[in-house]
Amino acid sequence: MVLCVTIGGVYAAWTYTNPAADITDQRIEQLITISTATEQGAAGTYAIETNVTGMSIEQLGTNDQDKDFHTAALEYTTNDDAAPYVKFTLKLQENTGSDIFNTLTSKYSIEVVDVASAYDNPNDNPDEGPKDIFVDIKTGETVITWEYDSVNDIYHFTVQLENEIALNDFVLASKPEHTAFTTALGRPVLEVKITDGTTPQG
């Protein structure tokens with residue numbers, strides 16, 4: 001599963017004072033994906049579900065005097081009222097018993113990829129230097145502990161996205177800073193993987 005991350009979007013636009021009366025450029029992106037493949041003879045089938053339909057970086061827009069109005073915040077758009085999640089499922093083939101778990105280890109990873117570069121925020125301490133835009137709260141692959149749904153005869157495991165990735169602390173106090181941040185952001189993608197660690201054959 002892959003999902004685009006944009007700056008600005010469904011929430012209120014980033015707002016700045018504009019003495020030059022410049023009309024701000026706009027752009028949109030649509031991710032192009034390829035459908036998944038299956039292999040005959042496998043012990044089961046993995047699937048990934050999510051309630052997230054979009055991700056964007058928005059201004060916090062707070063009235064709290066202790067927080068800057070232009071603090072960057074990671075926002076999720078979902079298709080329900082639940083917190084953003086990713087659900088992994090495993091459907092075993094018929095006649096495949098639960099003893100398959102004696103040899104099968106399922107692992108998942110969630111990360112933001114294709115960020116152009118780290119961002120050097122002029123509002124930070126000059127000695128800090130550029131910082132990664134995203135923070136991977138969990139790094140590498142994590143072993144899945146499956147739960148069994150006897151009604152649907154399927155195994156499942158759900159993670160909350162807010163526990164997986166986060167945005168570093170940035171204040172984009174001016175339009176030039178917003179532009180520089182957008183350049184450093186590049187075209188990031190939230191990449192979600194699940195694997196049994198076996199290399200496909202054939």
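**A ring pair and its setting**

Mentor: Both tyrosine 108 and phenylalanine 157 are buried. Buried stands for under 20% relative accessible area, exposed for over 50%, and partly exposed for the range in between, with a 1.4 Å probe and protein chains only. The model is predicted, so local features need pLDDT of at least 70 and side-chain atom pairs count only at pLDDT 80 or more, while totals for chains, interfaces and linings use all residues. Numbering starts from 1 along each chain as its sequence is written, and side-chain values use heavy atoms, leaving out hydrogens and water.

Start with the rings. The structure holds eight aromatic pairs. Rings of Phe, Tyr and Trp (its six-membered ring) pair if their centres lie within 6.5 Å; planes under 30 degrees apart are stacked, over 60 edge-to-face, and the rest tilted. One of the eight joins tyrosine 46 and tryptophan 146. This pair is stacked, at 6.3 Å centre to centre and 15° between the planes. Tyrosine 46 sits in strand E2 (residues 44-50) and tryptophan 146 in the loop between E8 and E9, so the pair ties together parts 100 residues apart in sequence. Tyrosine 46 is partly exposed at 26% relative accessibility. Tryptophan 146 counts as buried at 15%.

Now your pair. Tyrosine 108 and phenylalanine 157 are tilted, with 5.9 Å centre to centre and 45° between the planes. Tyrosine 108 belongs to strand E6 and phenylalanine 157 to strand E10, so this pair ties together parts 49 residues apart in sequence. A further ring joins in: ring pairs link Phe88, Tyr108 and Phe157 into a cluster.

Next, the strands. Helices (H or I, at least four residues) and strands (E, at least two) are DSSP runs, numbered from the N terminus.

An open sheet of six strands has the order E4-E3-E1-E12-E6-E8, with mixed pairing. E4 (72-78) and E8 are the edge strands, each with a single partner, so one side of each lacks a neighbour in the sheet. Two strands pair if DSSP finds at least two bridges between them. Strand E6 (residues 107-113) meets E8 in the antiparallel sense over two bridges. Threonine 142 in E8 is the bridge partner of tyrosine 108.

Helix H1 (residues 175-185) lies across two strands of this order, E1 (2-7) and E3 (52-59), at about 160° to E1. Such axes are lines fitted to C-alpha atoms, for helices over the stretch in contact, and angles run from 0 to 180 degrees between N-to-C directions.

Now the phenylalanine side. E10 belongs to an open sheet of four strands, in the order E2-E5-E10-E9, with antiparallel pairing. E2 and E9 are the edge strands, and each pairs on one side only. Neighbouring strands here are turned by 30° against each other on average, direction ignored. E9 and E10 run antiparallel and are joined by three bridges. Aspartate 149 stands opposite isoleucine 154 in E10.

Charged contacts come next. The whole structure has four salt bridges; the term needs a side-chain nitrogen of Lys or Arg within 4 Å of a carboxyl oxygen of Asp or Glu. Among them is lysine 91 with aspartate 153, at 3.5 Å, N to O. Lysine 91 is in strand E5 (residues 85-92), and aspartate 153 is in the loop between E9 (147-149) and E10 (154-160), 62 residues apart. Lysine 91 is partly exposed at 35% relative accessible area, and aspartate 153 is partly exposed at 39%.

Another salt bridge joins lysine 138 and glutamate 164, at 3.2 Å, N to O. Lysine 138 lies in the loop between E7 (134-136) and E8 (142-143), glutamate 164 in the loop between E10 and E11 (165-167), so parts 26 residues apart in sequence are tied together. Lysine 138 is partly exposed at 34%, whereas glutamate 164 is buried at 2%.

Last, the whole chain. Buried residues make up 34% of its 202 residues. A contact means heavy atoms within 4.5 Å. Among contacts between residues at least 6 apart in sequence, 83% join residues at least 24 apart.
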